[in-house]
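Visitor: I'm new to this one and would like to learn how to read it. Could we go through it feature by feature?

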Amino acid sequence: MGNTSSSGTSDGHHGIAGTKSTYYHHPESPYDDLPYHHDDHEDNNKEGEFKMTRISLQDLLKEGDDLTSVGDVIVDALHRDSILFVQNTSEGQADMIALRDEAMKYFTLSKDDKMALGAPHQNDEGKRAYFSGYSQIHFENRDNRRDPEWRDVFQIRTSESDHIPWPSSSLKEAALRHYEHQWGLALLVLRAISVSLRVPCSALLSIAGLPHHRNDSEDDHEQHLHHHHDSSLSQNTNLCLFHYFDAHGYKTPQRCMVHCDHGLVTLLPKTDAAGLELLHPSIQRWVRVEEQARDDDVIMYCGLALQRVSRDRVLAATHRVVRLPEKERYSMPFEMKPNDDAIIDNGSYRQTFKRMTEELAWKKIQRQVRRVDGIIPGSEEERVIMEREDEEAAKRRNEEEASKSSSSCANEAREANVTIEITSHEIQQLVGTDMSA
């Protein structure tokens, strides 16, 4: 840490206040001010126009060598662009529209009415006991670059099925139908990726909380396939219904914070008010993703957990959402996430998913402290500090892991010679829908 916070004062308070101007004049991340791809004509001529990869859901239903080819296309696209499009089926598109309409009806209610109908369950201390339910998120965004933000969200986790405060039976029906479709699509995506990476599909699915051990009996095989269908075993996987709105009379477009998701796979239907922007990993330019997406496209990208277990064969998408003045935006991201105790292992990094997210949160806090301390995000000074912190964190992890004998889920599957294959037909049967329709 720098020492600017203590200069000129015995208690450090006035020194911190004196660095506030430094805090306010730096972007929240070093990526905020990078140009857009199509705004840099010289770069366009050099790099050439690129288009995001698009596959159909039909492609994901293939088997054998054809599936390997599809998996290779997905992995290559996620490594090069960190994002791709999956063309939805007509049935899946209809389900998405039905849920969006139900969400829009719910979000038009007053905040008190939304809370009355969708308040999350509370524990004995009056605190939120489960993630599922309604909340209104407030970001102060005190950095002189963006205005405060309010956002509605209704979160759904089938692992909390007995505790979801559904506002209406029609929203429940539409949400669960869409949830299961996206769950099946995420299974198909992970299946294709596992084939390309030459790892058992069960090794990746087990990270999301699904069983990967079974006996060879047919009855047990059927039971195992039932478990693959059971999205409620994946404790952190969730569907979020977001409502972005202009509560402050914005004068300029507002850029939400730049971030990567933490999970495995995120599936986002194209919205009716484009706002998703990708920081392209190859050219370090912002790309307005939804300008390329079709109405029936599902935007697919991965999170840090899948990047790490794939050993960087696929890259987590660095992205943000831009909100426009006087515009509303309804967004429904579905994120398949590892369970808390899942081991995230890439050979050099080995930690539970819960510990990984805690470490990422701590790094974010440290960066915020550095901003108050006058250290510029993206500077050489910050890079040196981050490298030292990473080395110290790795040393602590190695010391902790030295005393443990448990192996990762992927290694368990390999060592036990358990390779549970699941076909596209079986996924469709278990999800309860014909995904080729």
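Visitor: Is cysteine 256 buried or exposed?

Guide: Buried means under 20% relative accessible area, exposed over 50%, and partly exposed in between, using a 1.4 Å probe and protein chains only. Cysteine 256 is buried, at 7%, and cysteine 302 is buried too, at 1%. Keep in mind that this is a predicted model: local features need pLDDT of at least 70, side-chain atom pairs count only at pLDDT 80 or more, and totals for chains, interfaces and linings use all residues. Residues are numbered from 1 along each chain as its sequence is written, and side-chain values use heavy atoms, with hydrogens and water left out.

Visitor: How many disulfides are there?

Guide: A disulfide is a covalent bond between the sulfur atoms of two cysteines. Here the test is a pair of cysteine sulfur atoms within 2.5 Å, and the count is zero. Take cysteine 302: the closest cysteine sulfur belongs to cysteine 260, 8.7 Å away, so that is too far for a bond.

Visitor: Which residues have the most contacts inside the largest nonpolar core?

Guide: In soluble globular proteins, nonpolar side chains tend to be buried together. A nonpolar core here is a set of buried Ala, Val, Leu, Ile, Met, Phe, Trp, Tyr and Cys residues joined through side-chain atoms within 4.5 Å. The largest has 67 residues, and Leu60, Ile74, Leu241 and Leu306 have the most contacts inside it. Helix 8 (residues 169-197) gives the most to this core, 14 residues. Helices (H or I, at least four residues) and strands (E, at least two) are DSSP runs, numbered from the N terminus.

Visitor: What do the buried residues of helix 5 pack against?

Guide: Their partners, with contact meaning heavy atoms within 4.5 Å, are strand 1 (54-56), helix 4 (57-60), strand 2 (84-87), helix 8 and strand 10 (297-302). Among the buried residues of helix 5 are Leu67, Val70 and Ile74. After helix 5 comes serine 82, with a positive phi near 65 degrees.

Visitor: Which way do the residues of strand 8 point?

Guide: In a regular strand the side chains alternate between the two faces of the sheet. In strand 8 (residues 276-279), Leu276 and Leu278 point one way, Glu277 and Leu279 the other, and all are buried. Two strands pair if DSSP finds at least two bridges between them. Strand 8 runs antiparallel to strand 11 (residues 319-323), joined by three bridges, and glutamate 277 stands opposite arginine 320. Strand 8 also forms a hairpin with strand 9, with six residues between them.
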